[in-house]
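Please look at the sequence and the structure side by side, and keep both in view while the paragraphs below lead you from one part to the next.

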Amino acid sequence: MPQLRKDPILKQWVIISPERGKRPSDFKRIEVASDDAQNCPFCVGHESMTPPETMSFRTAGTAANTPGWWVRIIPDKMPILIPDGDSNREGIGMFDAMNSIGVHEMVIEAPEHNTTISNATENQVKEIIWAYKQRMLELKKNPRYKHLMIVKNSGAGLSALSHSHSHIIATPIIPKRIEEELEGAREYFHYHDRCLICDIVKQESKSKSRLVFEDDNFIVFCPFASRFPFEMEITPKAHLPFFEMLENSMVPLFAKTLQLTLKKLEALLPGQPYNYILHTSPCSDSYKDFYHWHIEIIPKLTKTAGFEWGSGFYINPTPPEDAAEALRAVEIK
C-alpha cells in the first residue's frame, strides 16, 4: 500500500505509491533527434556565436574566444541575473522587490558536440569539476553574492541546446530551497550537536537498502523520501560545507563518482532527461558546522500534477529501495 515518508531535512512529506508499478522498463525511452552541429554555438570553431568567455581551459598560446579550449565558460545570452547595477531593494506597499543582480554563466563541458559527462574521458570530467571549482572561488570573492549554485539540464525538452553544458549561478540572496535545508540542518544540530547530512550518510551506508555506490570518500544513494523515481544524491562522507573548497586530491575522485553515477542512470534509463543541482553552503562561515554540500540528480520521468501543486506532496511511483537495487545492479566497465 502507499506510504507517507518525511524528508528529515525539509520536513516535507512524500507519497511512495508502488502500486503504480514504475520499473525502469515502464518508462518510455526518449528518442532524441540529432540536431545540426554545424550551427551549434557551443561547438569548437563557433566561438564568435557566443558572448566573450569569462574563463576557459585551453592550450597554451591560444587566444581567448578562439579554438584550443577544452572547457569554456561564457555569460548566458539570456541571463536570469545580471552582474551590473545596484540591487535597489525597495518596498512596494506590503511587497518587497529588488533588481535581479547576480551572475548567470554557462559551462560548455567539451568542444565536441556529442561528448557528455557519461561518455567523456575521466580526465575531461575532472576538468569540468576543476572549472566549477575555480569559477566559484572567483565569484565568491564578490561580497554581493550570498550563494552559488550549479545546475545542469540534460536531455530532450530540458535545454534548447543538446551540446553538453551546465550553469553557474550566483545570487544576492540565499534561495528559498537552500534556506529550508539550512533551517532543517540548523534545528537538528541544535538538538543533536551533529550534522544532519553526516548522520544521513552514516545511516544510508549502514542500511544499504537505498545505496547505489560508495567508496572511502563519497556515497550515492536514493533518498528515503525520494520525490521522483530514481532520484539520487551524491554526498561526500567527510563533513564538507563548501564544494568550492574541495581539496585538489578529491577532484578526480569526485569526477569519477559523478561519471559513474550518470553512466548507471544512462544504462538503466537510456536517453532519459535529468537535472543535477549542486547545493553548497552559502558564502559565509555561519553555516559550516551544520551544512554539508551534496548533488541532487533528478531524472525527469514524471510530471507534477494538480494534487502535487495544490498539496505540496510529491507522488513517487518507484520506492527508492527498488530504484537503488536496480541502479546497483548496473555494471559499468
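Strand 1 (residues 3-6) and strand 2 (residues 13-16) run antiparallel and are joined by four bridges; strands (E, at least two residues) and helices (H or I, at least four) are DSSP runs numbered from the N terminus, and two strands pair if DSSP finds at least two bridges between them. Within this pair Gln3 stands opposite Ile16 of strand 2, and among the six residues between the strands of the hairpin, Lys11 takes a positive phi near 60 degrees. This is a predicted model, in which local features need pLDDT of at least 70 and side-chain atom pairs count only at pLDDT 80 or more, while totals for chains, interfaces and linings use all residues. Residues are numbered from 1 along each chain as its sequence is written, and side-chain values use heavy atoms, with hydrogens and water left out.

Turn next to the open sheet, where ten strands follow the order 3-4-7-9-8-13-14-12-11-10 with antiparallel pairing. Strand 3 (55-58) and strand 10 (211-214) stand at the edges with a single partner strand each, so one side of each is left without a neighbour in the sheet. Inside that order, strand 8 (residues 147-154) is joined to strand 13 (residues 274-279) by five bridges, and Asn153 has Asn275 as its bridge partner in strand 13.

Finally, consider two helices: the axes of helix 4 (residues 251-268) and helix 6 (residues 320-329) come within 9 Å and cross at roughly 100 degrees, where axes are lines fitted to C-alpha atoms, for helices over the stretch in contact (heavy atoms within 4.5 Å), and angles run from 0 to 180 degrees between N-to-C directions. That makes helix 4 roughly perpendicular to helix 6, a label for angles of 65 to 115 degrees, whereas those under 35 count as roughly parallel, those over 145 as roughly antiparallel and the rest as oblique.
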